[in-house]
Each structure stands twice: as C-alpha cells, then as structure tokens.
Amino acid sequence: MWERFLVPSEDDCIQCQHTSSPLGNGAVVETSDRRILVLQRSNKVGEFPGYFVFPGGHPEPQEVGIISHEGFQELNQCHMINSKVSQEMFDSIVREVVEEIGAPADSLSSPIFIGISRRVLNVRPTAFFFIKCNLRSEEIQQLYSSAQDSFESTQLYAVSMSDLENMASKMPGCHRGGYALYKLMVQDTSDS
C-alpha cells in the first residue's frame, strides 16, 4: 500500500517526498542470434507482479564500501568514492544479468549506457544499458533454469523487435522507457 504515501502535487519531487528514489538499473540484452531477452516477473514479487521486464535491479552501495552517509568529507575521498560509484554502475548491471538470466559474465559485452528512464507513479529513475551476449537464445534458455535469481521471474523470453513492441504495453513505465531508449539507439546506429 505504498501509494498512500504519495502526496498529490504538480512537482514530482514533492509528490514522492515520503519515498526514496534509489537508482535502479536495467539491461537490454541482445543474443548472438539477435533476440532480446525479456523476463516475466513472478506473481510473488512486490512490484509489478506478472509484468514483462528487462533484467536489472540496482547498484549495491556496500560493493564500493559505502555503509553509511558519514566519512566522506575530504575532497580526495569524494573523488575516490565517485570513481568507485561510477564503476559500480557498470559492474552491477552485469551482476544483475548474470543472476537473473544465468548467462556467464564472460559471455557479455561491456555495458553501453543508453540513458535514464523514470517511473511516472513514484518517479524512481532507472539507468538503462545495452549488452550483447555471445550466446544464442536457446543456450540462454537452458542457463536460465539454474539462474541464481530466477525465482523473481516465471519465464525468460527471447524476442524479436516486433515482439518486443507488442510486449512493451505490459511493462512498467521505466522499462517502457528503457525500450524507447533502445529503439533510439538502434535508430541512431542505423542512421550512421
């Protein structure tokens, strides 16, 4: 019932003043046979049960040694922690893809940042990345059954661009935004 904490307002920052806005991450993963990987969320998860989503989650502050808001007053510490946080943005999306679909990390390209999408309802931002996987969709389907976080989803789909277009209406807003960012990237690549 988290929606009760939203305060109606024209200003999104004020509207969600009683909720946090952690930065999430999501990846549009393309297999070697040019299929896009999409998960269907389990009905046992708290947010968007049954919806289609790209693999993702959120960066982990403890991965870069942040366990509280204290202790980073000195400028050189801020530069160091900013560098670690930036690297964690890229490392964490690879971890999420590995955990949720079961693909080995060495089968994935370095993530390419394609933009940030934001949910309308609770304004949470999600950083989206594009990752190529050097495995075929059939191989990924086999790996998915033993993925560490496969309990968060009920099925993995390997879909074409036209199938993805049809699924987008059944995605949470931030993932529809991730799909829009992917389409812009594909269009920009084909125009070049």
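A residue counts as buried when its relative accessible area is under 20%, as exposed when over 50%, and as partly exposed in between (1.4 Å probe, protein chains only). Serine 42 is buried, with a relative accessible area of 6%. The model is predicted: local features need pLDDT of at least 70, side-chain atom pairs count only at pLDDT 80 or more, and totals for chains, interfaces and linings use all residues. Residues are numbered from 1 along each chain as its sequence is written, and side-chain values use heavy atoms, with hydrogens and water left out.

The protein has five helices and seven strands. Helices (H or I, at least four residues) and strands (E, at least two) are DSSP runs, numbered from the N terminus. Along the sequence, their pattern is α-β-β-β-β-α-β-β-α-β-α-α. Of the 192 residues in the protein, 41% are buried. Contact means heavy atoms within 4.5 Å. Among contacts between residues at least 6 apart in sequence, 65% join residues at least 24 apart.

Serine 42 sits in the loop between strand 2 (36–41) and strand 3 (52–53). Neighbours within four places in sequence aside, serine 42 is in contact with Pro49, Gly50, Phe151, Glu152, Ser153 and Thr154. A polar atom of the serine 42 side chain lies 2.9 Å from the backbone nitrogen of lysine 44. Lysine 44 is also found in the loop between strand 2 and strand 3. Lysine 44 is exposed, at 79% relative accessibility. The C-alpha atoms of lysine 44 and threonine 154 are separated by 9.7 Å, and these residues are 110 residues apart along the chain.

The cysteines were also examined. A disulfide is a covalent bond between the sulfur atoms of two cysteines. Cysteine 133 is buried, at 4% relative accessibility. Cysteine 174 is buried too, with a relative accessible area of 1%.

The surface was considered last. Accessible areas come from the Shrake-Rupley method with a 1.4 Å probe; for residues, only the protein chains shown count as cover. The protein exposes about 11,000 Å², and carbon and sulfur atoms supply 53% of it. Phe90, Phe113 and Ile116 form a nonpolar patch on the surface, with about 280 Å² of accessible area together. Patches are made of residues with over 30% relative accessible area and no salt bridge; nonpolar side chains (Val, Leu, Ile, Met, Phe, Trp, Tyr) are joined within 5 Å, and like charges within 9 Å. A salt bridge is a side-chain nitrogen of Lys or Arg within 4 Å of a carboxyl oxygen of Asp or Glu. Phenylalanine 113 lies in strand 5 (residues 112–118). Phenylalanine 113 is partly exposed, at 43% relative accessible area.

Key
A polar contact is a pair of N or O atoms within 3.5 Å; within protein, one must be able to donate a hydrogen and the other to accept it, and residues adjacent in sequence count only if both atoms are side-chain atoms.
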